[in-house]
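Good morning, and thank you for coming. Please look at the sequence and the structure while I speak.

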Amino acid sequence: MEREWLFSLIPLLVGVSFLCVGVYGLRRASALRRSGITTVGRVLRHDSRRDDDGAKYHHLVVAWTTPDGSECTYPSVFGRGTVPSGFGIGNSVTVLYEAENPCRFEIRGWDSKSLYLVFAGVGTVLTAGTLSVLVVLLITV
């Protein structure tokens with residue numbers, strides 16, 4: 001067998017990586033929804049960042065108080081190109097956070113599990129497709 005089959009390891013590695021990121025994110029979001037604490041937070045500001053292509057993304061910076069009186073202020077993980085009207089500075093938002101680690105949180109209506117679904121889907125397709133090609137190559141050799 002020639003060495004060309006080694007190049008198929010690249011999409012396999014990318015697929016497994018995407019699949020791991022997607023599954024991790026979905027599991028983390030699911031655990032947060034099961035055991036997280038819901039509270040009301042306030043949007044303090046929008047941190048704006050530009051990517052390499054010049055696209056601008058807004059990350060909400062939200063503050064809330066835990067039941068023990070601790071103040072928490074964190075930026076959102078996900079950035080968006082536009083800020084919907086309900087997420088303006090000073091607006092109240094629903095925050096779901098982990099009691100032991102408040103920096104693990106989700107802003108209802110802003111954070112979405114769809115990105116993790118896309119990662120899991122693309123990872124599944126790349127992994128399954130590459131493994132199928134490798135099996136066919138091994139059988140036909």
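Which residues does V62 touch, not counting residues up to four places away in sequence? Before I reply, two remarks on the source. This is a predicted model, in which local features need pLDDT of at least 70 and side-chain atom pairs count only at pLDDT 80 or more, while totals for chains, interfaces and linings use all residues. Residues are numbered from 1 along each chain as its sequence is written, and side-chain values use heavy atoms, with hydrogens and water left out.

Now the reply. V62 touches G41, R42, C72, T73, Y74, V93, V95 and I107, where contact means heavy atoms within 4.5 Å.

Let us turn to the strands. Helices (H or I, at least four residues) and strands (E, at least two) are DSSP runs, numbered from the N terminus. Two strands pair if DSSP finds at least two bridges between them. Strand β1, residues 37-50, pairs with β2 in the antiparallel sense over 8 bridges, and R45 has V61 of β2 as its bridge partner. β2 also pairs with strand β3, residues 71-75, in the antiparallel sense over 5 bridges; here the bridge partner of V62 is Y74. Each hairpin deserves a glance. The hairpin of β1 and β2 has 5 residues between the strands, and G54 there takes a positive phi near 95 degrees. In the hairpin of β2 and β3, also with 5 residues between the strands, G69 takes a positive phi near 95 degrees.

Why is β2 described as largely enclosed by the rest of the structure? The reason is that 7 of its 10 residues are buried. Buried means under 20% relative accessible area, exposed over 50%, and partly exposed in between, with a 1.4 Å probe and protein chains only.

V62 also belongs to the largest nonpolar core, which has 12 residues in all, including W64, F87 and W110. Such a core is a set of buried Ala, Val, Leu, Ile, Met, Phe, Trp, Tyr and Cys residues joined through side-chain atoms within 4.5 Å. The elements giving two or more residues to this core are β2 (56-65), β4 (92-97) and β5.

Finally, the charged residues. The structure holds 3 salt bridges, each a side-chain nitrogen of Lys or Arg within 4 Å of a carboxyl oxygen of Asp or Glu. One of them joins R33 to E106, with the closest N and O atoms 3.2 Å apart. R33 lies in helix α1 (residues 9-35) and E106 in strand β5 (residues 105-107), so this pair ties together parts that are 73 residues apart in sequence. E106 is buried at 8%, whereas R33 is partly exposed at 39%.
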